[in-house]
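Student: I would like to learn how to read the packing and the strand pairing of a model like the one below. Please take one feature at a time.

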Amino acid sequence: MADLSKILEQSLPLVRETGQWIQSMVNQIAMEHIQYKGKNDLVSFVDQTAEVRLKEGLAAIFPEAGFIAEESASDFSEVGDGYYWVIDPLDGTTNFLHQLPIYAVSVGLIYQKQPVLGMIYEPNRDELFYAVQGAGAHLNGLPIRVSSQPTLEKSLLATGFPYHDFSYQDKYLTLLKELMQKSHGLRRMGAAAIDLAYTACGRFEGFFEANLKPWDVAAGKIIIEEAGGKVSNFSGGSDVIFTGQIIGAGAIFEEFLGTLQTHWEN
């Protein structure tokens, strides 16, 4: 087994420095720099350059690990049971390009297709969330815990709206209607990594979203779990990295999942 604590210690400065570089580029982006990978799926040279920086740095720190990275990954079918860095160099690209201060660098390390280490850096607030399997979750060096609020009725929830695959839109809207009526409200931040990190430290009681990619959730999953929360796919199973579905929460998890499942058939 790799020395995960040492890998984390060496990787944290790289993740923070990459996020700070991204922050320095906020006013350097013009519309002509924006490309489209698909409908409403934007990318810029900032995403691409940040990914290169991360891959080069992480390869030097832990050369045994492979990579699953947003700007260079296309197929996950050959992912084995070894170590893989799972990288979203800029989660919340649309926010970044519109100069909305809600975006993050997200880096997870998986082993046997499950996260064992995660780091999420939000440069606007200079907040670095991280966790290693069995060692708890932290924010800027201090331990964090999920919310202990036991009821959905008194919870603030986060989600992400469909933005390119609208095939599940109707059942999603029906679910949102019930959650609006049964909670303190819902927030759509536009960056799943931040939603997960904020759930881990109790700012949100829970988060759910469909149609996500491994780099959206790998880091956040272990950070929530190490903060005392639960994470699953919409069926309640543990595989969220490659299914595209995730629900994570603190004390409301069972009620939250049950409410979701009344509207969502897999």
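Tutor: Start with the largest nonpolar core, which has 39 residues; Ile68, Ile120, Phe129, Ile144, Tyr198, Ile223 and Ile246 touch the most other members. The elements giving two or more residues to this core are strands E4 (83-91), E5 (104-111), E7 (127-132) and E8 (137-139), with helices H5 (192-200) and H6. A second, separate core of 35 residues includes Val15, Ala65, Leu109 and Tyr121.

Student: What is a nonpolar core?

Tutor: In soluble globular proteins, nonpolar side chains tend to be buried together. A nonpolar core is a set of buried Ala, Val, Leu, Ile, Met, Phe, Trp, Tyr and Cys residues joined through side-chain atoms within 4.5 Å. Buried means under 20% relative accessible area, exposed over 50%, and partly exposed in between (1.4 Å probe, protein chains only). This is a predicted model: local features need pLDDT of at least 70, side-chain atom pairs count only at pLDDT 80 or more, and totals for chains, interfaces and linings use all residues. Residues are numbered from 1 along each chain as its sequence is written, and side-chain values use heavy atoms, with hydrogens and water left out.

Student: What is the strand order in the open sheet?

Tutor: Helices (H or I, at least four residues) and strands (E, at least two) are DSSP runs, numbered from the N terminus. Two strands pair if DSSP finds at least two bridges between them. Here five strands form an open sheet in the order E11-E10-E12-E14-E13, with mixed pairing. E11 and E13 (230-232) are at the edges with a single partner strand each, so one side of each lacks a neighbour in the sheet.

Student: Which pairs are parallel or antiparallel?

Tutor: E10 (residues 156-159) runs parallel to E11 (residues 185-187), joined by three bridges; Ala158 has Arg187 as its bridge partner in E11. E10 also pairs with E12 (residues 206-209) in the parallel sense over three bridges, and Thr159 stands opposite Phe208. By contrast, E12 and E14 (residues 246-249) are antiparallel over four bridges, with Glu209 partnered by Ile246 in E14.

Student: Is Asp47 buried or exposed?

Tutor: Asp47, in helix H2 (residues 45-61), is buried, with a relative accessible area of 0%. Contact means heavy atoms within 4.5 Å. Leaving aside neighbours within four places in sequence, Asp47 is in contact with Glu71, Pro89, Leu90 and Thr93.
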